Amino acid sequence: MVSLRATCSLVRPSPVLNASPPSRICNCAASAFSLSPSYSSHIFQRKWRWSLGRSRQPCALAQLHALTSPALSLRPSYSQRLQQFSTEGRFLAGSEKGLRFIGTDGSARNARIAAASSSSPSSVATSNESTGLKELPKTFEFSSEERLYNWWESHGYFRPDSNQDGEPFVMSMPPPNVTGALHMGHAMFVTLQDIMTRHYRMRGRPTLWLPGTDHAGIATQLVVEKLLASEGVKRADLGREEFEKRVWEWKRTYGGRITNQLRRLGASCDWERERFTLDEKLSSAVVEAFVRLHEKGLIYRGSYMVNWSPNLQTAVSDLEVEYSEEPGTLYFFKYPVAGGNAEDYLPVATTRPETVLGDTAVAVHPLDQRYAKFVGKMAVVPMSGGREIPIIADEYVDREFGTGALKITPGHDPNDYAIGQKTGLPIINIMNKDGTLNENAGKYSGLDRFVARKQLWADLESIGLTIKKEAHTQRVPRSQRGGEVVEPLVSKQWFVTTGPLAEKALHVLESGELRIIPDRFEKIYVQWLTNIKDWCVSRQLWWGHRIPVWYVRGIDGAEEKYFVAYSEDDAYIKARAVYGDVVKLEQDPDVLDTWFSSGLWPFSTLGWPNTEAEDFQRFYPTAVLETGHDILFFWVARMVMMGLEFTGKSPFSTVYLHGLVRDAQGRKMSKSLGNVIDPLDTISEYGTDALRFTLATGTTPGQDVNLSMERLNANKAFTNKLWNAGKFILQNLPPISDDAGWKELSIEKDSYMLEDLALPERWVVTKLHMLIDGVTSCYEKYDFGEVGRAIYEFFWTDFADWYIEVSKTRLYKNEEPLSARKAQHTLVYVFTTVLKLLHPYMPFVTEELWQAMPHEGDALIISKWPQRGLSKDEQALQQFGDLQTLIRSIRNARAEYSVEPARRISAVIVANSEFQEYLLEEKKVLIALAKLDPTTLQFTSSTPREADQAVHLVIAEGLEAYLPLADMVDIGKEVERLNKQATKLQAEYESNMKRLSSSKFVDKAPADIVQGVKDKANEANEKLQILRKRLTVLDSMAVGTKN
């Protein structure tokens, strides 16, 4: 990010804002940087001392940037743009219409979007003074995207329309972490969710896409602790209350970054309903849920195995643990048998020798004869001072791995913990919360776990208990946030009993109340819920929803007693009823797992537990939950469980799962590989529309997407193609002063009278109506890739390549005004309908183009979705299809004979009366698109006399074409060219046949190589025969010419 603090001296104060109050500057900044006014106001009140003296100076541009830059991660294009204005000596000015930059030459230059309160989005289309025609700029400027977005938002188009009836379409945004910065995963979910939202909004359903952010307990606390560390301060130095204040301060300053970036992607969610998981009402919902679950006996406190982060000093969820294949060491050592001699030992292998100090058994397989004699005896734990543990038999042991003898450490390995629970083994914890060893480790107490590993192995070597070390690739669990190795640890935590909740979540899938797209993930959903474990919901953090539990203090023997309550006052009422007024209470210091509050997200954001709340009554349950397949268990299933438990309904009826966004080679994006693609950089170069279209059309449900620059370039070209088509149409419409003509073109028809149109118009409108039916159906099936591909194919091929070219025969030098008007109507109707179908994918360029076209209504975003089941003309499809085939065949022949593109050639069309009837009507189209000579073009029902001297094209039964060769090529030059080709092909053929005649080559060369040579010989021979036939015809024509 480019900081402009250093450029303040380059910017002169502007007199324009001398009387501007801070509030206006705040509002200007809010508009300029896509900030909420309240957020902007916070920055200015905190960072800027407004001078009230005579020398009072308004906010210069560099000052504005300096004040906001610490709170924003601006795109490079923004920073460069601001720096440009600053160094060029322009200064920020304010007006009722927004921000302007005033140049040093005194001229005014608008460099900011006009205030978003206007009734139209300030279209970039202008009137040509000489022609009176409406014109678009040369290209679509990506800078228009923010102008359009601000206009949409300011007009409330993202809010559900209270006047609309029918079933609402509601979707909750998966709340990104408040610490988050935009990545391609965000771009994917925003694209898909915005496609659904915009589509159903245009379908006329009350549409609510509810946004928000997650407080991200671990991530946010880690960020603030690092910030404090840079100041030389530790969290413990501040104390909990002061630390929480610092975190809230950080959130107010930086917490809006991710939502502003989501706006940049075009997210049309209702920002007025934006939620934060630590909002007061959502926090109350979390307490309500905890209390209710506890009252039902579904929450309890106990000691179990958890993932422990020594750096963060908290339990972390499975989702926050990432496993990586890393090089390590497998240590082999001797486990002495108690009472035996030096040869009586079990060889044991481990990757963590320090955990031997917590062993409580050694296990072997019951059928392993090598160690059968030791089962039932005792083993001596090395370096423990003589502690003995039993040698047991258990089928869990893999006889083929390592030595076949397994040390059992129930306190520090999840599998060993399970064995210990099954066999009743004791649990010994040898580790402190910070990853150092505790007093149970004896002389190793106080050592870091990795230091202790080296020391213990050295001590084993010194007493002769080591066998060997060998390199071993191991699966290492690391904290997603801190990166350190996670330690399995038995710890006292709060748990949710998930069995009863999982049963309900399974039932809604089996009954069909819930469906998962793609359905192959239903099996995974069922498997996880069937084998679900109790959920550890407590975290040893200070940032988050504090557990609503108060422990009794000051009463002998009651230290383990606690009260679950809605508040401290409520807890004291309960406690005093039992222990009297002398009782003291202390709240549990832990907070709840972030996923606990996220599990309530679809209904807590709508007002629950107040089930009479207006939003809850109208919008719950939601319709769709769209998210990545990687959090199906950790979030989706938990939302279903919580929703059913607290509301009696599944929180959504459909779950749509998308895949990961990978690089062009299919690799996961990572900083270490250097293949991370920044969405904001991509938007700056290719535009938001191209990025969205690339992501949406490259995906199928549940499948990962490979993002390549080639596809982004292709879809940027698609944006340009749309823009150029819009420019062409505007250039061929009546002047904008022709109010009646524009009004007539703007009227949207519920049906289109095909019978009044000529063949090409009937064909393209029929194809459009088929497209409407097809893509609407695909939208409903969530087949977003096919929707985009179908629209792309229709627009590029049918409309741009064919109909626009056809329309030129009606619009250019046409003596039939009615034909031109119908072409204009068709162009506008088809193009604006395509813009509607494409708008959910490419919202910015489509809105800009639609505003420039004749139209009804205020905005494309709220326009009416095209109606299904409109009339179609099957005969037009067949007839225009024949015309297309005829034109393509002539074009191919021209290419084959290398006819100059501008050269017009003769043609004889041999057709029966049925073909001739409509081909003659579209003679101009045939001449224009096939580049035929209108003076020599003939239509006949019989074969021409000189057919043997022409290229013969068979189009269909009853339709053929003859193209006289003499009119296409210089016969002498063509004969010379073909003879050269024939000589080259003959040499190639003979060379390959020579190799094939060699028994040495045929017998010794690999079969695929021999076959390849045969294929080349055959191909050369086939081409040679074709050339010879063509030469024969040309030779005969040359002789005829001489005669």
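Visitor: How many helices and strands are there in the protein?

Guide: There are 34 helices and 34 strands in the protein. Helices (H or I, at least four residues) and strands (E, at least two) are DSSP runs, numbered from the N terminus. The model is predicted, with local features needing pLDDT of at least 70 and side-chain atom pairs pLDDT 80 or more, while totals for chains, interfaces and linings use all residues. Residues are numbered from 1 along each chain as its sequence is written, and side-chain values use heavy atoms, leaving out hydrogens and water.

Visitor: What makes Glu153 and Arg263 a salt bridge?

Guide: A salt bridge needs a side-chain nitrogen of Lys or Arg within 4 Å of a carboxyl oxygen of Asp or Glu. For Glu153 and Arg263 the N to O distance is 3.2 Å, so the pair meets the definition. Glu153 lies in helix H5 (residues 144-154) and Arg263 in helix H10 (residues 257-264), so the bridge ties together parts that are 110 residues apart in sequence. The structure holds 40 salt bridges.

Visitor: Why is Arg263 called buried, and what is Glu153 called?

Guide: Buried means under 20% relative accessible area, exposed over 50%, and partly exposed in between (1.4 Å probe, protein chains only). Arg263 has 11%, so Arg263 is buried. Glu153 has 26% and therefore counts as partly exposed. By this definition, buried residues make up 54% of the 1043 residues in the protein.

Visitor: What separates Glu1019 and Lys1023 in helix H34?

Guide: They are four residues apart in helix H34 (residues 1007-1042), which means a separation of about one helical turn. Glu1019 and Lys1023 form a salt bridge, with their closest N and O atoms 3.3 Å apart. Glu1019 is partly exposed at 43%, and Lys1023 is partly exposed at 42%.

Visitor: Which residues are linked with Arg264 in a network of salt bridges?

Guide: Glu145 and Glu146 are linked with Arg264 in that network.

Visitor: How do H25 and H29 pack?

Guide: Two packed helices are described by the angle between their axes and the distance between the axes. Helix H25 (residues 759-780) and helix H29 (residues 874-896) pack at about 115°, with their axes 9 Å apart. Those axes are lines fitted to C-alpha atoms over the stretch in contact, and angles run from 0 to 180 degrees between N-to-C directions.

Visitor: Which residues of H25 and H29 meet?

Guide: Contact means heavy atoms within 4.5 Å. Among the residues that meet are Trp763 and Met770 in H25, and Leu877 and Phe880 in H29. The residues of this contact divide into seven nonpolar, three polar and two charged. Ala, Val, Leu, Ile, Met, Phe, Trp, Tyr, Cys and Pro count as nonpolar, Asp, Glu, Lys and Arg as charged, and the others, Gly among them, as polar.

Visitor: What makes S11 and S21 edge strands?

Guide: The open sheet has four strands in the order S11-S10-S19-S21, with antiparallel pairing. Strand S11 (314-316) and strand S21 (535-536) each pair on one side only, and are the edge strands.

Visitor: How do you know that S19 and S21 pair?

Guide: Two strands pair if DSSP finds at least two bridges between them. Strand S19 (residues 487-496) and S21 have two bridges, in the antiparallel sense, so they pair. Val496 stands opposite Trp535 in S21.

Visitor: Which strands does S16 join, and in what sense?

Guide: Three bridges join strand S14 (residues 361-364) to strand S16 (residues 388-393), and these run parallel. Ala363 has Ile392 in S16 as its bridge partner. Three bridges also join strand S15 (residues 378-380) to S16, but these run antiparallel. Here the bridge partner of Ala379 is Ile389.

Visitor: Is Thr314 buried or exposed?

Guide: Thr314, found in strand S11, has a relative accessible area of 0%, so Thr314 is buried. Thr314 touches residues including Ile218, Trp308 and Leu541, not counting residues up to four places away in sequence.
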